[in-house]
Amino acid sequence: MMARALRLAERGLFTTQPNPRVGCVMARGEEIIGEGWHQRAGEPHAEVFALRTASERARGATAYVTLEPCSHHGRTPPCADALVEAGIARVVFASEDPNPKVAGAGIRRLREAGIAVEAGLMRDAARELNRGFFSRFERGRPWVRVKLAMSLDGRTALANGESKWITGESARADVQRWRARSSAILTGAGTARADDPRLTVRLSDGTAFVAPLRVILDARLDALALHANLLDGSSPTLVLHAPGADVQDGRHAGVELAEVPLAAHERGLDLDAVLRLLAARGINELQVEAGPTLCGALLAADLVDELLLYVAPTLLGDSARPLLALSPLQSMADRRDWRVVDRRMLGQDQRILLRP
């Protein structure tokens, strides 16, 4: 039942942010009498959809939910109250809700009403599905995923900057789905200036999604030209800049500007502050699509939670641009080791998901 609830929750992978992806199954013994999932922020939660389909049969039944039922009034009424009113006898949920507005209050509300409550069934799977949501509340920053594409010899572009395309169509289509599940896509001033990216989601199958926020780190507000694709208005755009930057520059009309302090060494914006600001804006998963300098800085600061690495079966040579800008190591003991979480072929390219 919980495995089914998790599969239902996955249906909201591209649409629930900033809310978590949640599924619910109502059952009597081994018979499913109702099910639902949270589809979009501001709309009913998973438990409400499941109760609607179960109707009167919900009384005395068991509800399997992938996250602790909410107990507060937000844009929707508390799900814990709905379960109590429906006469549910038992609630089994996978993981506690890290949101301080809920955290344990949902459990107390249900138990006070005489409902049997059990927690922890398939907790790891539920947390994995909502790793960005948990990161935002437990660590005060989004889950940071760095997307990189490289040749077999670890190069990302020719010496002259040409990089389209290292990987094939299947890999590039796959990137769009990772973008779609992200709350925001971040790049740096150098990439914005050199590549003029769009950083939009382009899904060919008509799948619904919430357009991720485009975030540009542009300390001096000098990276975006008037005709830049990031200024096209197709998706919400946030430009983060340093104190003292010229915010009256007309090139940034139509985008939101926000100030972030410089890092201690004053060679760029304070990346911790950037992530805290994004978390405060409800960003759960942040996908970074930037050059070797910014990606290397995030790695050096231990702010990368996973690498989404696409490897093409091609060679670009030692004069081509490197994958990351990292300080030289003094010994093998200083190396950074990663574990492979997932590996698969996409056409002729290989996609590897790695975590520290």
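Visitor: Is Asp222 buried, partly exposed or exposed?
Guide: Asp222 is partly exposed, with a relative accessible area of 31%. Buried means under 20% relative accessible area, exposed over 50%, and partly exposed in between, with a 1.4 Å probe and protein chains only. The model is predicted, so local features need pLDDT of at least 70 and side-chain atom pairs count only at pLDDT 80 or more, while totals for chains, interfaces and linings use all residues. Residues are numbered from 1 along each chain as its sequence is written, and side-chain values use heavy atoms, with hydrogens and water left out.

Visitor: Which side chain does Asp222 meet in a salt bridge?
Guide: Asp222 meets the side chain of Arg220, at 3.2 Å from N to O. A salt bridge is a side-chain nitrogen of Lys or Arg within 4 Å of a carboxyl oxygen of Asp or Glu. Arg220 is exposed, with a relative accessible area of 62%.

Visitor: How many salt bridges are there by this rule?
Guide: The count comes to 29. One of them joins Asp305 and Arg139, whose closest N and O atoms are 2.9 Å apart.

Visitor: Where do Asp305 and Arg139 lie?
Guide: Asp305 lies in the loop between helix H10 (292-300) and strand E13 (306-311), and Arg139 in helix H6 (residues 131-139), so the pair ties together parts that are 166 residues apart in sequence. Helices (H or I, at least four residues) and strands (E, at least two) are DSSP runs, numbered from the N terminus. Asp305 is buried at 8% relative accessible area, whereas Arg139 is partly exposed at 41%.

Visitor: What about Glu256: which residue does it pair with?
Guide: Glu256 forms a salt bridge with Arg281, at 2.9 Å from N to O. Glu256 is in strand E11 (residues 256-259) and Arg281 in the loop between helix H9 (271-280) and strand E12 (285-288), so the pair ties together parts 25 residues apart in sequence.

Visitor: Changing topic, at what angle do the axes of H3 and H4 cross?
Guide: The axes of helix H3 (residues 79-86) and helix H4 (residues 105-112) cross at roughly 15° and come within 9 Å. These axes are lines fitted to C-alpha atoms over the stretch in contact, and angles run from 0 to 180 degrees between N-to-C directions. H3 and H4 are therefore roughly parallel to each other, a term for angles under 35 degrees.

Visitor: Which residues meet there?
Guide: Ala80, Asp81, Leu83 and Val84 in H3 meet Gly106, Arg109 and Leu110 in H4, where contact means heavy atoms within 4.5 Å.

Technical notes. Parallel < 35°, antiparallel > 145°, perpendicular 65-115°, else oblique.
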